[in-house]
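Please look at the model below and work through its pockets, its overall build and one of its helices, one question at a time.

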Amino acid sequence: MKKYIRFPGVRIMNDKEALAEALADEFESAASRVAEAGRTMFVALSGGSTPALFFRSLAARTINWETIHFYWGDERCVPPENVESNFLMASRELLNRIRVPEENIHRVRGEMDPDQEAERYALEIVRNLPLNSFGIPAFDWIILGLGTDGHTASIFPGFRLRPAQGSLCAVAGHPETGQERITFTLPLINGARRVSFLVSGENKSEIVTSILQKSEGFLEYPAAHVSPQEGILEWFLDRGAGSGIS
Ligand code: 6PG
């Protein structure tokens with residue numbers, strides 16, 4: 001009888017729609033706990049295309065958005081109206097559909113000089129977030145995507161980053177296009193109270209499996225270095241992305 005080993009913190013949903021709803025359910029529960037406690041929830045959103053369904057599902061939920069502050073785990077160095085902008089996609093699918101105060105939206109200014117913006121964004125995070133016991137600004141929740149090369153946020157294999165002062169944010173170049181991006185660094189990601197990978201599609205299953213099973217060479221993948229010091233790590237997968245693990 002083959003022994004099926006469940007991975008802690010891994011949830012596999014039937015399809016990408018169910019995946020989006022499951023994460024939106026979690027978000028809605030977390031937001032209501034925060035509102036009841038009279039607190040603020042500092043969230044960092046992922047970029048790319050995967051989160052679009054999640055954002056759209058979230059926009060339909062009953063949430064007190066005044067208690068939620070939105071940041072981005074990474075952003076392309078393009079203006080906010082550029083089709084490549086992670087902020088533009090989040091605006092279309094979520095922010096323009098909800099009543100969230102302007103001051104709760106902490107956009108990375110992709111149109112600015114990358115190194116200066118990395119410094120500015122890191123400072124904005126330091127000024128607004130509480131520190132964890134390691135002295136790192138602690139996001140309540142960081143949602144991350146995963147590339148088929150094992151990158152997450154804009155930390156690509158080879159880890160070639162130009163860190164800003166204090167190494168909370170950095171400038172990275174996309175390995176194929178050379179496009180510059182502002183990204184959270186691993187110390188900032190690993191300082192969060194909760195980190196969730198949101199991954200969809202059969203094309204991601206090999207990398208997901210390699211990281212979760214700690215296959216040979218898995219540490220070459222930046223996503224494998226996401227390991228919150230004090231927080232929890234979760235994987236929200238659809239059946240395609242989770243097809244390689246039992
Ligand atoms: C970005 C991301 C990046 C993304 C992965 C997955 O700015 O592109 O933050 O890390 O999450 O590349 O992208 P897809 O969701 O498009 O597959």
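Q: How many residues in the lining of the second largest pocket are nonpolar?
A: In this predicted model, the lining of the second largest pocket includes Phe-7, Pro-8, Ile-211, Leu-212 and Trp-235. When the residues of this lining are divided by type, one is polar and one is charged, while the number of nonpolar residues is 10.

Q: Which elements give two or more residues to the lining of the second largest pocket?
A: This pocket holds about 250 Å³ of space, and among the residues that line it are Ile-211, Leu-212, Leu-233 and Trp-235. The elements that contribute two or more residues to this lining are α6 (205-212) and β10 (232-238).

Q: Which residues that line the largest pocket are the closest to its centre?
A: The largest pocket has a volume of about 510 Å³, and 32 residues line it. Two or more of the lining residues come from each of the elements β4 (74-76), β5 (141-144) and β9 (194-199). The lining residues closest to the centre of the pocket are Gly-48, Arg-76, Gly-147, His-151 and Arg-181.

Q: How many residues in the lining of the largest pocket are polar?
A: The lining of the largest pocket can also be divided by residue type, and this gives nine nonpolar residues and seven charged ones. The remaining group in this division is the polar one, and its number is 16.

Q: Why is the chain as compact as a globular protein of its length?
A: The secondary structure of the chain comes to six helices and 10 strands. For 246 residues the globule rule gives a radius of gyration of 18 Å, and the chain is close to this value, so it is as compact as a globular protein of that length, with a radius of gyration of 17 Å.

Q: What percentage of the residues of the chain count as buried?
A: A residue counts as buried when its relative accessible area is under 20%. With this cut-off applied to the 246 residues of the chain, the share that count as buried is 56%.

Q: Which elements do the buried residues of helix α3 pack against?
A: Seven of the eight residues of helix α3 (residues 86-93) are buried, so this helix is largely enclosed by the rest of the structure. Among these buried residues are Phe-87, Leu-88, Met-89 and Glu-93. The elements that the buried residues of α3 pack against are β2 (41-45), α2 (51-59), β3 (68-72) and β4.

Technical notes. Residues are numbered from 1 along each chain as its sequence is written. This is a predicted model: local features need pLDDT of at least 70, side-chain atom pairs count only at pLDDT 80 or more; totals for chains, interfaces and linings use all residues. Side-chain values use heavy atoms; hydrogens and water are left out. On a 1 Å grid over the protein atoms alone, a cavity is a set of points where a 1.4 Å probe fits but cannot get out, and a pocket is an open set with protein on both sides within 12 Å along at least five of seven lines; lining residues have an atom within 4 Å of a point. Grid points are joined across faces, edges and corners, and a volume is the space filled by probe spheres set on the points. Helices (H or I, at least four residues) and strands (E, at least two) are DSSP runs, numbered from the N terminus. Ala, Val, Leu, Ile, Met, Phe, Trp, Tyr, Cys and Pro count as nonpolar, Asp, Glu, Lys and Arg as charged, and the others, Gly among them, as polar. The radius of gyration is taken over C-alpha atoms; the globule rule is 2.2 Å times the number of residues to the power 0.38. Buried means under 20% relative accessible area, exposed over 50%, partly exposed in between (1.4 Å probe, protein chains only). Contact means heavy atoms within 4.5 Å.
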